[in-house]
Every structure is written in C-alpha cells, then in structure tokens.
Amino acid sequence: SLTSKTALVTGSTSGIGLGIARALAQQGANVVLNGFGKPDAIETERAAIESEFGVTAHYSAADMTKPGEIAAMVAEAEQKLGAVDILVNNAGIQYVSAIEEFPVEKWDQIIAINLSSAFHTMRAAIPGMKSRGWGRIINTASAHSLVASPYKSAYVAAKHGIAGLTKTAALELATHKITVNCISPGYVWTPLVEAQIPDTMKARGLTKEQVIDEVLLKAQPTKEFVTVEQVAAIAAFLCSDAASQITGTNLSVDGGWTAQ
Ligand code: NAD
C-alpha cells in the first residue's frame, strides 16, 4: 500500500498519466495531477480521485516547457502534501514530419516536454527523496526509446534520451533506496495516438484504416493496442516493495514490438 506517500504525475489530465495517477491513488497515495485541459474536466477528474479512493488530490497547471514552473510545482507539492515520494515523468507530445520540414519550434517543444522536463522535476524532487531515504521515479518512455520510426525524429530522440537519463539517475541514486525506471509502451489508444493519425495519413498518403492496420498495429505482433490500465499497473508495481531491486530498467509493454 502507498498510504502516506505522495505521487506527482506530469501530464496526468489525460491518457496514460491519468491512468497512472488513478492506480497510485487506488493504492492509497495522495496525488498531484498536472497537465492541460478544460478546467471543469480537470476538476471532475481531481474530485473523482478524492472521492473514489479517499486520498488528497491536487492539481498543478505547470507548463513542462518552463523550468521555473516545474520547480515551483515540486516545491508546492512538498509544501501542500508534505513530500514528493513518487515522481512520474509522463507528459509528452508527438509531431510527425520529415526532418527537413520539421518545424524548429516543434523540435524544441518536444525535447523540452518529453525529455528536459524529467531532468527539471528530478533535480527538484531528489533532495527530498534522499532526505526521507525512499523514492520511486518512473518515466514514461516508449517503444521509441528502443527503436525508431520515420517522421518522428524529435520524439524518438527525446525517448532515447529519457532511457539514458533513467539509467544515469538509477546509478546516482542506487544507494539511497530510490529506484528509477522507465516503462516503454507500444501503441496505447489515447488522445495522443488518435491525434497523430491525420498527420500520418498526410505524411504517408494513407487512409485512417491503413494507418491503424499498416502503421500502428503493423509494429505490434499481438495486433492489439496496449491499455492505459496495463501501463498503470506496472507503475504501481514499480512502487511496491517487491520492486525495490528493480532500477535502471526499461520495461517494455509493447505486444512484442521491440522483440522483432
Ligand atoms: P495524452 O495526450 O493523452 O496525454 C498527454 C498529457 O501531457 C496530457 O495530460 C497533456 O495535458 C500533458 N501535456 C502536454 N503538454 C504539456 C505541457 N507543456 N506541460 C504539462 N503537461 C503537458 O497522451 P498519452 O498517450 O497518455 O501520453 C502520455 C505519455 O505516454 C507521453 O510521454 C507519451 O509519449 C507516452 N507514450 C504514449 C504512447 C501511446 O501510444 N499513447 C506510447 C508510448 C509512450
């Protein structure tokens, strides 16, 4: 049980992050939600976590492209909830384009959100974890932390980067009872995946059905999407005592994608 622990999950107003926040709250952790969205929809999710699981849930609107807002988010979480014991770096965006047409500002934004924000959150949260002698850092990487696909240069670069950052942090924190791991899902049916279908249709000249069958599920031998709940269950497991010797790993949940 994670009762009396606090988890901060970046990018948790939607998709995988929301699923992870809910799974940790179900184990008894207080949670800090973060991400963008309609204020009333976010408030509904926040209040649902409190009432369903009997924990405290806060929301931070910090923008993961802004190091100052990230540091303030961690400080506020420590102040209001007492600690950040579990840090889940999950916020991420995608952009699909050939390198020579890839907008420079999209490259910078993806590197900032999908990679650098994890450095900034860790930098802010590690001192508290060290002083309490316990911590769990979980980064949502991707099958694209291990293999590439065309037209996703910034995403693949950022995800390979997060896999390396995970290993480095795991080594630095190994004697502090702080584990650092990443989870690498294949295709999970979330707004992020749905939103890239039109761009992939354009980039490759395919129909929606062709993108789903010939691009997305083509990579996944099981021919099924991963679910948010399956990813969230692994995050909850990584927070358990049973997982205390698992550190520096990259756990694939990809229907066999990266076995090929
Ligand atoms: P999603 O679009 O449903 O959720 C992304 C979350 O990040 C949202 O809460 C959004 O508001 C937040 N976000 C975006 N920009 C932000 C910013 N600047 N500051 C703060 N929050 C911001 O997507 P998802 O599929 O749930 O993706 C979550 C993570 O999982 C990402 O890191 C993604 O790369 C990774 N992932 C997704 C898949 C998949 O197939 N869906 C596969 C592998 C990895």
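This is a predicted model: local features need pLDDT of at least 70, side-chain atom pairs count only at pLDDT 80 or more; totals for chains, interfaces and linings use all residues.
Helix 1 and helix 2 are roughly parallel to each other, because their axes cross at roughly 25 degrees and angles under 35 degrees count as roughly parallel.

**Helix 1 and helix 2**

Helix 1 spans residues 15–26 and helix 2 spans residues 39–53, with axes that come within 9 Å. The crossing is right-handed. On the helix 1 side the contact uses Leu-18, Ala-21, Arg-22, Ala-25 and Gln-26, and on the helix 2 side Glu-45, Ile-49 and Phe-53. Sorted by class, these residues are 5 nonpolar, 1 polar and 2 charged. An α-helix has 3.6 residues a turn, so residues three or four places apart point the same way.

**Helix 4 and helix 5**

Helix 4 (residues 104–132) and helix 5 (residues 153–173) have axes that come within 9 Å and cross at roughly 15 degrees. That angle makes helix 4 roughly parallel to helix 5. The crossing of helix 4 and helix 5 is right-handed. Residues of helix 4 in the contact include Trp-107, Ile-111, Leu-115 and Phe-119, while those of helix 5 include Ala-158, Ile-162, Leu-165 and Ala-169. By class, the contact has 15 nonpolar, 2 polar and 2 charged residues.

| Pair | Axes come within | Crossing angle |
|---|---|---|
| Helix 1 and helix 2 | 9 Å | roughly 25 degrees |
| Helix 4 and helix 5 | 9 Å | roughly 15 degrees |

**Helix 5 and its surroundings**

Helix 5 has 21 residues, and from its first C-alpha to its last it reaches 30 Å, close to the 30 Å expected at 1.5 Å a residue. Its buried residues include Tyr-155, Val-156, Lys-159, Thr-166 and Leu-173. Which elements cover the buried residues of helix 5? The cover includes helix 4, strand 5 (135–140), strand 6 (178–185) and strand 7 (250–253).

Most residues other than glycine have a negative phi. Ser-4 is not a glycine, yet has a positive phi of about 80 degrees. Ser-4 is placed in the segment before strand 1 (6–9). Is Ser-4 buried or exposed? Ser-4 counts as exposed because it has 11 C-beta neighbours inside 10 Å, and the cut-off for exposed is 12 or fewer.

Lys-177, also not a glycine, has a positive phi of about 60 degrees. Lys-177 sits in the loop between helix 5 and strand 6. With 15 C-beta neighbours inside 10 Å, Lys-177 counts as partly exposed.

Terms used:
Residues are numbered from 1 along each chain as its sequence is written. Axes are lines fitted to C-alpha atoms, for helices over the stretch in contact, and angles run from 0 to 180 degrees between N-to-C directions. Helices (H or I, at least four residues) and strands (E, at least two) are DSSP runs, numbered from the N terminus. Angles under 35 degrees count as roughly parallel, over 145 as roughly antiparallel, 65 to 115 as roughly perpendicular and the rest as oblique. A crossing is left-handed if the near helix is turned anticlockwise from the far one by less than a right angle, and right-handed if clockwise. Two residues are in contact if their C-beta atoms, placed from the backbone, lie within 7 Å. Ala, Val, Leu, Ile, Met, Phe, Trp, Tyr, Cys and Pro count as nonpolar, Asp, Glu, Lys and Arg as charged, and the others, Gly among them, as polar. The expected span of a helix is 1.5 Å times one less than its number of residues. A residue is buried if 20 or more other C-beta atoms lie within 10 Å of its own, exposed if 12 or fewer, and partly exposed in between; C-beta atoms are placed from the backbone.
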